[in-house]
Each structure stands twice: as C-alpha cells, then as structure tokens.
Amino acid sequence: VFPSLAQAQASVANEVYRELGQPSVFLFCPTEYCGSLCSPSPGQSCYLLTLGQELLPGIGVIWTGPKVVSQELSATLLEEVEGVLQRRPIIWDNLYANDYDCRRVFLGPYTGRAPGLMPRLRGLLLNPNCELQANFIPIHTLGSWFRSELRSCAHPDHAGMETAAALGDSQAPPEGSYSPQEALELALHDWVAEINWQALEPGR
C-alpha cells in the first residue's frame, strides 16, 4: 500500500493523532532515532526527510543524539536534525540508561550537553538507571542544568556558549553557566540530607 516505511509510519501516526483529537503531547519515535542509525547521515536520510514532510507539525519526534547513548549533544547537530525533521526534536537522553547492561550504574552528574541547547529542543526525556535510588544525582543535576538553561534563555547574549566545563573539561565555566562539578556537589549535599531524613523515619 505504501511506497516506503516512512510514509507508512507517518500515515498511521497522523491517523492516530487526529483520532485522539490532536493532543498537545504526542510523541513519535522513528526507526532512525539517532545519527548512527541514519544512512548516510541525518541530513541526507530519505527516511527522515519523508517523516519531516509527511508527519503533521503537532507530532513530536524523539531523537537520542549522535548515538543510542550519546556522550555529547551539541547545538550544531541538533540544528541538522531540526532541519530534516522540520521541527525541533525531543531528546530521549540515554546517558544514564542501564537496561541494556545491568552491571553499569551511572552516578555522575548530568554532563556533555552544551549550554544553549534549549532553543533547539521541543523537550527532553531522561532515561534513568533501572535502580530507583541511583537516580537522585542524575535527576538533581539535570534540574541544575535545566535552571541554567532557563537563565541563558532569559539572557540570550549568553545562550549557545559551549563552555569547556559543560563538556567535562576542568576549566572554570563562565559565571552563571552550568558546572557539572558544582551541580554534583549540590546534589550530594541534598542526597545526604535525604538519606539522613529517611533514616530518622519511624520503622527505618
């Protein structure tokens, strides 16, 4: 019935989206959901080009970055994806995911995401560690990153500055920008307070 997989998927997604009354949040995960799955590249993928043309504009498209688990995300790469999809992507961030390897637990701060990304995103989903308690630092530091992004949006002259600290370098970041090390220290402080509070609960 359909000349391509992308056209089939777009047709079904559009029909479901309309049937549900075009909700404000409707997410579509493409078969090519990261750069390494695109042939030959995101900007030249016939599959993604077709989705960008065929999917209704209210449908959000999920993207994980250059890889399934992306160590870094940059505004430049997201601009390429936005261009081909004709919409800002929703990042499905697998930085902390360990469902594919139960021996892996990532307790570090949210890092490798350049400042100034928010204008390039429609949203961000964090795929956490499977172990609930291991996600305090990931979620806490994501909150710190998000607050710094909101400040950048409020002061556009600072937006888009790709600081070395945001990419894990030891250099000091500009004042007011996100520092993974500072975010980690704040998260650890709050986590210890949370642990102590739980230890005082009756029955603990």
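Trainee: Before we look at helices, what does contact mean here?
Mentor: Contact means heavy atoms within 4.5 Å. Keep in mind that this is a predicted model.

Trainee: Got it. Which residues of α4 and α5 meet?
Mentor: On the α4 side they are F136, I137, H140, T141 and S144, and they meet A183, L184, L186, A187, L188, D190, W191 and E194 of α5. By class, that contact has eight nonpolar, three polar and two charged residues.

Trainee: And at what angle do α4 and α5 pack?
Mentor: The angle is about 130° between α4 (residues 136-154) and α5 (residues 180-199), and their axes lie 9 Å apart. That makes α4 oblique to α5. The crossing of α4 past α5 is right-handed.

Trainee: Switching topic: how do the axes of α1 and α2 cross?
Mentor: Helix α1 (residues 5-19) and helix α2 (residues 46-54) cross at roughly 30°, with axes that come within 9 Å. Angles under 35 degrees count as roughly parallel, so α1 and α2 are roughly parallel to each other. Here too, α1 passes α2 in a right-handed crossing.

Trainee: Which residues make that contact?
Mentor: From α1 you have L5, A6, Q7, Q9, A10 and N14, and from α2 there are Y47, T50, L51 and E54. They divide into five nonpolar, four polar and one charged.

Trainee: What's the mean pLDDT of the chain?
Mentor: The mean is 89, and 89% of the residues reach 70 or more. Over residues 158-171, though, the pLDDT is below 50, and this stretch has 27 contacts in the model beyond near neighbours in sequence. Where pLDDT is low, the predicted coordinates should not be read in detail.

Methods: Residues are numbered from 1 along each chain as its sequence is written. This is a predicted model: local features need pLDDT of at least 70, side-chain atom pairs count only at pLDDT 80 or more; totals for chains, interfaces and linings use all residues. Side-chain values use heavy atoms; hydrogens and water are left out. Axes are lines fitted to C-alpha atoms, for helices over the stretch in contact, and angles run from 0 to 180 degrees between N-to-C directions. Helices (H or I, at least four residues) and strands (E, at least two) are DSSP runs, numbered from the N terminus. Angles under 35 degrees count as roughly parallel, over 145 as roughly antiparallel, 65 to 115 as roughly perpendicular and the rest as oblique. A crossing is left-handed if the near helix is turned anticlockwise from the far one by less than a right angle, and right-handed if clockwise. Ala, Val, Leu, Ile, Met, Phe, Trp, Tyr, Cys and Pro count as nonpolar, Asp, Glu, Lys and Arg as charged, and the others, Gly among them, as polar. pLDDT is the predictor's confidence in each residue, from 0 to 100.
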